[in-house]
Amino acid sequence: IGAAFAALGLAAKQRPDAPPAHAQRLLELADRRFLLASLPVAHPLAVRARAMRLSIALARGRTDVVDAALARAPLGDARMHLLRGVRAAQQGNLWAADREFLLACNALGSAEEGEILALALWNRAARAFAATRWPEGKDALRAYVRLQAHDRAARLALGHAYVRCAMHAVA
């Protein structure tokens with residue numbers, strides 16, 4: 001699992017001018033490592049490994065594999081709700097994407113794992129802003145900034161959301 005995470009981390013840290021084939025090779029390497037590190041279903045890292053494999057498959061454009069796996073995935077897992085939301089947004093089903101991001105925020109275990117909750121809140125805010133639902137996006141982004149206080153871009157976006165909600169004094 002560690003080697004797969006390392007390969008995935010290298011793929012994510014590629015320089016913008018790096019050749020895309022190199023990132024694809026690293027994603028393929030991470031996918032193979034996750035496949036070799038098959039964990040028992042009861043293992044604590046099993047859900048995380050499955051979610052990472054699906055994220056890699058989605059990055060590689062293997063949507064058929066992702067759709068089939070998400071159809072069989074458990075409903076209460078925050079990572080699977082995040083992936084379902086991303087996939088629904090890719091398909092243009094924005095209502096389902098909103099619903100899945102909200103479910104990811106409220107899923108059991110997402111409160112304990114700050115990174116999952118932060119991703120869900122960020123995606124929920126992005127979807128709300130895209131649909132010009134400024135108050136909803138402001139609330140989600142404010143919760144995100146509480147979790148990720150060091151994110152300056154999020155603070156700037158939150159100020160913009162306050163202005164959009166006619167709350168100039170708070171912005």
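What is the handedness of the crossing in which α4 passes α5? The crossing of α4 past α5 is left-handed, a term used if the near helix is turned anticlockwise from the far one by less than a right angle (right-handed if clockwise).

## Basis of the model

This is a predicted model, in which local features need pLDDT of at least 70 and side-chain atom pairs count only at pLDDT 80 or more, while totals for chains, interfaces and linings use all residues. Residues are numbered from 1 along each chain as its sequence is written, and side-chain values use heavy atoms, with hydrogens and water left out.

## Overall make-up

The protein has 9 helices and 0 strands; here helices (H or I, at least four residues) and strands (E, at least two) are DSSP runs, numbered from the N terminus. Along the sequence the pattern reads α-α-α-α-α-α-α-α-α.

Of the 171 residues, 39% count as buried. Buried means under 20% relative accessible area, exposed means over 50%, and partly exposed lies in between (1.4 Å probe, protein chains only). Among contacts with a separation of 6 or more, 44% join residues 24 or more positions apart, contact meaning heavy atoms within 4.5 Å.

## Helix α4 against α5

Two packed helices are described by the angle between their axes and the distance between the axes. Axes are lines fitted to C-alpha atoms, for helices over the stretch in contact, and angles run from 0 to 180 degrees between N-to-C directions. For helix α4 (residues 63–72) and α5, the axes come within 11 Å and cross at roughly 130 degrees. That angle makes α4 oblique to α5; angles under 35 degrees count as roughly parallel, over 145 as roughly antiparallel, 65 to 115 as roughly perpendicular and the rest as oblique.

On the α4 side, Thr63, Val66, Asp67 and Leu70 meet Met80, Leu83, Arg84, Arg87 and Gln91 of α5. This contact has 4 nonpolar, 2 polar and 3 charged residues. Ala, Val, Leu, Ile, Met, Phe, Trp, Tyr, Cys and Pro count as nonpolar, Asp, Glu, Lys and Arg as charged, and the others, Gly among them, as polar.

## Helix α5 against α6

The axes of α5 (residues 78–91) and α6 (residues 94–106) come within 8 Å and cross at roughly 165 degrees. The two helices are therefore roughly antiparallel. The crossing of α5 past α6 is left-handed.

Residues of α5 in this contact include Ala78, His81, Leu82 and Val86, and those of α6 include Leu94, Glu100, Phe101 and Leu103. By class, the contact divides into 11 nonpolar, 2 polar and 2 charged residues.

## Helix α8 against α9

The axes of α8 and α9 are 9 Å apart, and the helices pack at an angle of about 150 degrees. This makes α8 roughly antiparallel to α9, and the crossing is left-handed.

Trp134, Lys138, Leu141, Arg142, Tyr144 and Val145 in α8 meet residues of α9 including Ala154, Leu158, Ala161 and Tyr162. The contact of α8 with α9 has 9 nonpolar, 1 polar and 4 charged residues.

## Nonpolar cores

In soluble globular proteins, nonpolar side chains tend to be buried together. A nonpolar core is a set of buried Ala, Val, Leu, Ile, Met, Phe, Trp, Tyr and Cys residues joined through side-chain atoms within 4.5 Å. The largest one here has 26 residues, and Leu82, Leu121, Phe129, Leu141 and Tyr144 have the most contacts inside it. At least two residues each come from α5, α6, α7 (114–130), α8 (134–147) and α9 (152–164). The helix that gives the most is α7, with 7 residues.

Apart from this core lies another, of 10 residues, including Ala57, Val66, Ala73 and Met80.

## Individual residues

Leu58 lies in helix α3 (residues 46–59) and, at 13% relative accessibility, counts as buried. Beyond its neighbours within four places in sequence, Leu58 is in contact with Thr63, Val66, Leu83, Val86, Arg87 and Gln90. Arg79, in helix α5, is also buried, with a relative accessible area of 12%. Not counting residues up to four places away in sequence, Arg79 touches Val47, Arg48, Ala51, Glu113, Glu115 and Ile116.

Thr132 is found in the loop between α7 and α8 and counts as exposed, at 55% relative accessibility. Most residues other than glycine have a negative phi. Thr132 is not a glycine, yet has a positive phi of about 55 degrees.
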